[in-house]
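This report goes through a structure part by part. Look at the sequence and the structure first, then read on.

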Amino acid sequence: MNGPVSGAYRELVRVTGAESIGPYTLLRVSAGGIEPGTPGQFFMLHPPGHVLPRPMSLCLVEAGDLCFLIDAIGPGTRALCDLEPGDHLHVFGPLGNGFDLTVPRPLIVGGGIGVAPFPYLIQALGEVPAILGFRSAHHAEAAALIPGADVVLDPVLVTSLLPEEPYDVLACGPEPMLEAVRQRVPEAQLAWEAPMACGYGACYGCVVEIDGRLQRLCVAGPVLRAA
Amino acid sequence: MSAPLLNGSGCLDALTAPDVAAQFDAFVTKTITPQSREGNPPVRIAETEAGMLNSIGLQGPGIEVFLADTLPRLAAQHLPIWVSVGGFSAADFGGICELLDGRRDIDVIELNLSCPNVDEAPESSAQIVAACRASTVKPLYAKLSPSLSDIAESARAVVAAGADGLTLVNTLRGMALDSATLRPKLARGFGGYSGPALKPVALACVSACARAVDVPIVGLGGVWSGQDALELIAAGASVVSLGTVLFSDPTAPNRIRMELEAESAARGYADPLDARGAANS
């Protein structure tokens with residue numbers, strides 16, 4: 001059985017490339033039979049030698065490859081960034097709920113490693129205005145993946161560039177940024193992250209407070225309405 | 001008749017992943033408590049070198065909502081249902097068993113006597129089993145902790161109190177620290193340790209209990225392959241459960257079932273259960 005969870009497949013895929021973008025790594029794998037899904041959905045990438053996979057949103061689809069932008073923040077993500085062309089790993093997805101793309105005036109807002117889902121989002125939506133924040137010029141090299149984006153560096157906040165006129169905000173970034181966007185734009189779509197063991201509702205590890213109670217982000221999200 | 005495979009309680013939601021549940025011979029629910037529980041605050045999980053920690057804390061809707069809402073939807077999946085029962089006193093356990101007793105869509109009650117993430121009931125495991133035995137005629141399985149100082153003695157006590165079978169083992173209490181801050185990774189500080197590191201512990205517990213009592217044993221703890229499952233059977237298990245491996249690989253049940261058949265055949269066993277207790281003679 002290859003499709004244990006609705007629409008999601010798990011497959012051993014081959015690494016076709018790994019390149020540095022600022023402090024991040026863009027990992028390319030052959031898609032095999034795995035569908036790219038909706039922007040904002042995520043995939044479980046299993047670092048070889050580790051017990052658990054790691055959730056990653058899809059960054060780009062290029063020439064039959066799925067590309068993931070990864071920040072090496074611990075042993076698991078470091079093992080993923082250390083993969084080399086020809087290596088293999090298990091990928092399972094797409095999982096969760098992505099962005100609602102039926103919005104008339106999309107505006108991308110994000111920062112840091114949270115920019116990861118935006119290139120694929122732009123592939124789906126076409127040219128979209130974007131406001132991105134980074135903690136340093138080195139980190140901001142990732143903005144090259146989102147051509148035409150307005151970029152601010154710490155301590156300037158992305159919310160300082162939010163336009164007054166109404167936009168349909170699609171956001172992904174660190175929690176304080178998403179909280180600030182939530183305050184300003186109640187109808188924004190926010191892509192959150194949480195540590196996950198399984199990614200498909202089995203472990204109850206990834207709960208976040210939604211509508212006043214702890215719910216599984218992997219099932220209810222990871223994209224949630226701000227209000 | 002091959003060795004039945006179950007999911008470990010709290011390691012699968014048959015309603016969100018019915019195609020994973022369908023790979024099993026029965027579905028074991030997340031532990032049901034008398035009242036609804038929000039569970040422990042996040043962060044709830046952390047990977048370690050040879051396993052993982054969880055600190056979920058028995059999040060769930062409580063027995064009333066379970067019976068009215070969850071159970072009918074589970075029953076529609078046509079898998080035998082084992083209900084895992086938890087509580088904070090013998091009266092809690094017994095009360096839930098009484099409510100489950102008349103439900104024809106429940107096959108087995110598993111008593112979670114060993115959750116490392118919540119406060120323990122003041123009574124002994126045997127006293128809790130006795131309270132449940134007085135409340136139901138359903139088969140009762142007692143799920144024991146590998147931390148017990150003499151698990152064989154505990155097994156004898158719960159069987160004498162009326163347990164029909166044993167589930168061995170629950171997680172071990174463990175802790176993981178953030179390498180930079182040296183603070184616990186889990187919000188509650190500690191959690192239940194599971195995964196490959198638990199397998200030798202489970203083998204020892206299953207073996208000790210299989211020598212001590214003559215009841216069916218559900219073996220679980222770090223099963224990642226058919227070889228692991230066969231080893232638990234050799235130690236005395238008649239049913240094998242999969243837990244943490246499901247988080248890593250939702251296709252694991254079918255894979256492990258095929259591997260188990262192949263590993264058994266390679267050793268001349270017509271049925272994997274023919275190897276039961278081979279480690280203990």
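How many bridges join strand β3 (residues 42–45) of chain A to β4(A)? There are four, and the two strands run antiparallel. The model described here is a predicted one.

## The sheet in chain A

Strands β3 and β4 belong to an open sheet of seven strands in chain A, in the order β4-β3-β7-β1-β2-β6-β5. The pairing in this sheet is antiparallel. Within the pair named above, L45(A) stands opposite R54(A), a residue of β4(A).

The edges of the sheet are β4 (54–57) and β5 (60–62) of chain A. Each of these has a single partner strand, so one side of each is left without a neighbour in the sheet. From one strand to the next, the twist averages 40 degrees.

## Chain B as a whole

Chain B contains nine helices and twelve strands. Its C-alpha atoms fill a box of roughly 55 × 50 × 40 Å, taken along the principal axes. For 281 residues, a compact globule would have a radius of gyration near 19 Å; the value for chain B is 18 Å, which agrees.

Of the 281 residues in chain B, 58% are buried.

## A buried loop residue

One residue to look at is L186(B), in the loop between β9 (172–174) and β10 (191–194) of chain B. Is L186(B) buried or exposed? L186(B) is buried, because 24 other C-beta atoms lie within 10 Å, and a count of 20 or more is the cut-off for a buried residue.

L186(B) and I45(B) are 141 residues apart along the chain, yet their C-alpha atoms are separated by 6.5 Å. Leaving aside residues up to four places away in sequence, L186(B) touches V43(B), R44(B), A46(B), L53(B), S55(B), A176(B) and G191(B).

## The nonpolar core

The largest nonpolar core has 175 residues. Which of them touch the most other members? They are L111(B), V129(B), V206(B) and C209(B). Helix α6 (residues 199–212) of chain B supplies the largest share of this core, seven residues.

V206(B) has contacts in several stretches of the sequence. Not counting residues up to four places away, V206(B) touches L168(B), I217(B), G219(B), L232(B), A235(B), G236(B) and A237(B).

## A covered helix

Helix α4 (residues 125–133) of chain B is mostly covered, with seven of its nine residues buried. The buried ones are S125(B), A126(B), I128(B), V129(B), A130(B), A131(B) and C132(B).

## Where the chains touch

The contact between the chains takes 27 residues from chain A and 30 residues from chain B. On the side of chain B that touches chain A, at least two residues come from each of α1 (18–21), β3 (45–48), β4 (51–54) and α8 (244–248). The most is given by α8(B), with four residues.

Sorted by class, this side of chain B has 13 nonpolar, eleven polar and six charged residues.

Definitions and conventions
Residues numbered from 1 in each chain as written. Chains lettered and ligands numbered in written order. Predicted model: local features only at pLDDT ≥ 70, side-chain atom pairs only at ≥ 80, totals over all residues. Contact = placed C-beta atoms within 7 Å. Nonpolar A, V, L, I, M, F, W, Y, C, P; charged D, E, K, R; others polar. Rg over C-alpha atoms; globule rule 2.2 N^0.38 Å. Buried ≥ 20, exposed ≤ 12 C-beta atoms within 10 Å, placed from the backbone. Pairing = 2+ DSSP bridges. Axes fitted to C-alpha atoms, helices over the stretch in contact; angles between N-to-C directions. Core = buried A, V, L, I, M, F, W, Y, C linked by C-beta atoms within 7 Å.
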